[in-house]
Amino acid sequence: MRPGSWQGMRGLDFTSWQSLAATLLGLALVTLIGMGIRLVMMMTIQQRRERMNRQINERLRVLIAAYKALGGSFTGTLTTDPTHLRDLLRRAEAGEVMDKESVGTTGAVESSDRARRTRDAVEAALSDIILLGTEEHVRLACRAASELAAGKPVRTDALVVALRAFIREALDLAPIPTDVAIPPQGPARPVASGGRGKGESGVGGSKGGAGGGAMGMGSGMGVGVASGAVEIDTPSGHSS
């Protein structure tokens, strides 16, 4: 036995069973306290790591949804039209588009509904990016939001490129090769309303039957069929 070890053992009392038991109990107590402190530290570090992982996962989920909303289209109109329905109504009253009686029934207003739903999805995506994006993302999103507020058509392809690079880096994916030419990306086009209308009218005929019964009773209710508005999944979880 080394001299140092012998000097450490001299502090232990082995003269009687009582002193030996007290010495062993003291050693066990010290060991138990040390293990408890270590377990508390490990649990604290693990909880902090799990909280950080949840925050990172939630951030990535929101940014991926924003990327899909802002860059889900490669063809067609790649800009976001900031025109609101109230603007069309004002133009209609001024005689620029149509007379007041035909508002809401002509092709101009019907075609504006698609642009409105796209604009709502883009605005929700920009709001999420301003909340959870990096400094570069926030700058680009604020610029796009300012242009929308000013009534200017907005392109989001630069923001889409920045989001794509960040998401691939966060997921530990290799960067896209430089020789791959990706066309400009624009907002995802909303889903057509035909599929949902068929699905709603074909469920047992309950909605159509209810509408017909209401008309027969003369209650003044027009129809029982839904208006055909299509819900768009947006990054913030709201439907337009």
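E58 is partly exposed, with 38% relative accessible area (buried is under 20%, exposed over 50%, and partly exposed in between, with a 1.4 Å probe and protein chains only). The model is predicted, so local features need pLDDT of at least 70 and side-chain atom pairs count only at pLDDT 80 or more, while totals for chains, interfaces and linings use all residues. Residues are numbered from 1 along each chain as its sequence is written, and side-chain values use heavy atoms, with hydrogens and water left out.

E58 pairs with R61 in a salt bridge, with 2.7 Å between the closest N and O atoms. A salt bridge here is a side-chain nitrogen of Lys or Arg within 4 Å of a carboxyl oxygen of Asp or Glu. Both residues belong to helix α2, 3 residues apart, about one turn of the helix. Helices (H or I, at least four residues) and strands (E, at least two) are DSSP runs, numbered from the N terminus. R61 is partly exposed as well, at 48% relative accessible area.

The whole structure holds 6 salt bridges. In helix α5, E135 and R139 lie 4 residues apart, about one turn of the helix. Their salt bridge has its closest N and O atoms at 3.0 Å. E135 is exposed, with a relative accessible area of 56%. R139 is exposed, also with a value of 56%.

R119 and D120 meet through their side chains in a further salt bridge, at 3.1 Å from N to O. R119 is buried, at 4% relative accessible area. D120 is partly exposed, at 22%. Side chains of opposite charge can pair when their charged atoms come close.

The protein has 8 helices and 2 strands. Along the sequence they follow the pattern α-α-β-α-α-α-β-α-α-α. Of the 240 residues, 23% are buried. Contacts (heavy atoms within 4.5 Å) were also sorted by sequence separation. Among those with a separation of 6 or more, 70% join residues 24 or more positions apart.

The largest nonpolar core comprises 19 residues, and those with the most contacts inside it are L70, L126, I129, L159 and L163. Such a core is a set of buried Ala, Val, Leu, Ile, Met, Phe, Trp, Tyr and Cys residues joined through side-chain atoms within 4.5 Å. At least two of the core residues come from each of α2 (17–71), α4 (107–132), α5 (135–149) and α6 (157–170). Leaving aside neighbours within four places in sequence, I129 is in contact with L63, A66, L70, H137, V138, A141, L159 and L163. In soluble globular proteins, nonpolar side chains tend to be buried together.

A nonpolar patch also lies on the surface, formed by L29, I33, I37 and M41, with about 400 Å² of accessible area together. L29 is found in helix α2. Patches consist of residues with over 30% relative accessible area and no salt bridge, like charges being joined within 9 Å and nonpolar side chains (Val, Leu, Ile, Met, Phe, Trp, Tyr) within 5 Å. The accessible surface of the protein comes to about 16,500 Å², and 59% of this belongs to carbon and sulfur atoms. Areas come from the Shrake-Rupley method with a 1.4 Å probe; for residues, only the protein chains shown count as cover.

G151 sits in the loop between α5 and β2 (154–155). This glycine is partly exposed, at 48% relative accessible area. The C-alpha atoms of G151 and D81 are 8.1 Å apart, although 70 residues separate them along the chain.
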